[in-house]
Amino acid sequence: MRIDFTPIVRPYFQHISRRTEAWKDHTESIQRDLLARHLKRAALTEFGRQHGFKDISHSASPYRAYIDSVPTVHYEDIRPTVMRMLQGEADILWPGVCRDFAQSSGTSGGKSKFIPITRDSLKGNHYRGGEDSVAHYINSNRQSRLFSGKGFILGGSFSNTLGIDAGKVHVGDLSATLINRLTPLAELVRVPDKQTALMSDWNRKLPALVKEASDEFVTNISGVPSWFLTVLRKILEHKRAKSLAQVWPGLEVFFHGGISFEPYRDEYNEITAGLNMHFLETYNASEGFFAVQNDPDDKSMLLIIDRDVFYEFIPVLEPEAAPVPIWEVVPGKTYEMVITSSNGLWRYRLGDTVRVESVNPVKIRIAGRTEAFINAFGEELMEDNAERGMAEACRLHNANILNYTAAPLFAHGNRKGRHQWLIEWENPPANPDAFADTLDRELRKLNSDYDAKRNGNIFLASPEIITARMGLFDDWLKSAGNHKLGGQRKVPRLSNNRVMMDQLLIMNKE
């Protein structure tokens, strides 16, 4: 007989979930108190001494003194400092020595970023954010039996490419650090085992994942939708099943993040047919766990304001605008996030953009990366527009995608400018031209600037759809100079130049 521990732990998680009720009236005080704790904690670090954190803490307005003393920074501004931390120097950006760094790509120079994962940020933010996800899910689903089985967590691996003693410092995907630092008790309720989870060779890792997970009683899965879909299909193939209901009859929720779920929703509905399945979005980046979907009927996410992250926001497409604190954001506006956190990132420009859907408490939707947009013709097409438009076009044409990206094709001679969409299909539409028309129409509904530039085909011609060969995007991720294949790696959806698109088109012919 299988024991369900959910009723035993439910009161604990309900208590965690209910604390957010106070956020309606106390967002500002919670965030100001959090900033004050960070300033006090880091006062004797090198960064704290350089910027007078002791004096800031005792000033009449610590927040005002803080922003006057500390400028906003991009990663390249702090790269030399982080590299010193990687070499083992203590008390630089945060007290103590940092032993874990999350490697992620995306800087302008093409170099990897190495984000410090301090013990404080790991325990006070990342793990607490995961706890929040479970709490909100259980609180909204009274029939849950989540703790009657195991969680299948799809993660990445470590990468020791810096010549640093791996026994002292771990560098790799955030998920690898999270798995590596889990307590023995947590290991009892998850799959696969740590050795398999941290494998770096996906040609060996994929069959190992399938073998280990197929015969477990799995109630929940966590990971990036595109990568998990590949694993789940392999499990269905291995078990000769049509639905995961035949493999894991107790499966009830997918905690997903990293990319938009909308283009994959229909496929997940198909492979989970027969299950009372729930899908919950999380916003867990290398730099921190920021938000979670706390209401299954509301696709926006609740910004977590008491888990070691202090937030500021810069209005998008207003480069001269000053950052505003969380208590001054306006519903309906899109902002670039700026964070201060216990991993030693001080007024750090995250590079992610979010749309504020509501305040008191603040709820957001991910809009994309600051560099993930197309504005070659004044259309200001954001990643969120692309994901939602693509999802609706797929639904209307009974099509499914594996991956896609888009970039501008600039005017030349008699050719008008347009957007090129390179799509790898799981199930292609019967008429690609009609699909392109539908995508265009949906984007015009979602974005008034795009609609204006498309009006009459004067400034911007209709989009062009190019079919990618099977495996193209995986090949690109594995190609020299990228080395991005793995559970947390994702393809950029939009680019404002043609560097990536031209690489992919060349590879598409090979």
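User: If buried means under 20% relative accessible area, exposed over 50% and partly exposed in between, with a 1.4 Å probe and protein chains only, is I458 buried or exposed?

Analyst: The model is predicted, with local features needing pLDDT of at least 70, side-chain atom pairs counting only at pLDDT 80 or more, and totals for chains, interfaces and linings using all residues. I458 is found in the loop between α16 (448-454) and β20 (464-467), where helices (H or I, at least four residues) and strands (E, at least two) are DSSP runs numbered from the N terminus. Because its relative accessibility is 60%, I458 counts as exposed.

User: Which backbone oxygen does the side chain of H58 reach?

Analyst: H58 sits in the loop between α4 (53-57) and α5 (62-69), and because its relative accessibility is 71% it counts as exposed. A polar contact here is a pair of N or O atoms within 3.5 Å; within protein, one must be able to donate a hydrogen and the other to accept it, and residues adjacent in sequence count only if both atoms are side-chain atoms. At 2.8 Å, the side chain of H58 reaches the backbone oxygen of K54.

User: At which residue does α2 bend?

Analyst: Helix α2 covers residues 23-41, and its buried residues are W23, T27, Q31, L34, L35, H38 and L39. The bend at a residue is the angle between axes fitted to the seven residues ending there and the seven starting there. In α2 this angle is about 35 degrees, and the residue is S29.

User: With which residues is T27 in contact, leaving aside its neighbours within four places in sequence?

Analyst: T27 counts as buried because its relative accessibility is 7%. Contact means heavy atoms within 4.5 Å, and the buried residues of α2 pack against α4, α5, β10 (301-303), β11 and β13. Leaving aside neighbours within four places in sequence, the contacts of T27 are I305 and I326.

User: Is H136 buried or exposed?

Analyst: H136 is placed in helix α7 (residues 119-140). Leaving aside neighbours within four places in sequence, it touches S17, T20, V292, Q293, N294 and L302. Because its relative accessible area is 5%, H136 is buried.

User: In β14, which residue is the bridge partner of Y335?

Analyst: Strand β13 (residues 334-341) is mostly covered, with 7 of its 8 residues buried, and two strands pair if DSSP finds at least two bridges between them. On one side, 7 bridges join β13 to strand β11 (residues 309-315) in an antiparallel arrangement, and Y311 has I339 of β13 as its bridge partner. Strand β14 (residues 348-358) also runs antiparallel to β13, through 5 bridges. In β14, the bridge partner of Y335 is V354.

User: Which residue takes a positive phi in the hairpin of β13 and β14?

Analyst: This hairpin has 6 residues between the strands. With a phi near 85 degrees, the residue that takes the positive value is G344.

User: How far apart are the ring centres of F261 and F279?

Analyst: Rings of Phe, Tyr and Trp (its six-membered ring) pair if their centres lie within 6.5 Å, and planes under 30 degrees apart count as stacked, over 60 as edge-to-face and the rest as tilted. The structure holds 26 aromatic pairs. Because the planes of F261 and F279 stand at 35 degrees, the pair is tilted, and its ring centres are apart by 4.9 Å.

User: Is the pair of Y268 and F279 stacked, tilted or edge-to-face?

Analyst: F261 and F279 are both buried. Because the planes of Y268 and F279 are at 75 degrees, with ring centres 6.3 Å apart, this pair is edge-to-face. It links distant parts of the chain, Y268 in helix α13 and F279 in strand β8, 11 residues apart.

User: Over the face of which ring does R2 lie?

Analyst: A charge sits over a ring if NZ of Lys or CZ of Arg is within 6 Å of the ring centre and within 35 degrees of the ring normal. R2 is at 3.9 Å from the ring centre, and the ring is that of F217.

Methods:
Residues numbered from 1 in each chain as written. Heavy atoms only, no water.
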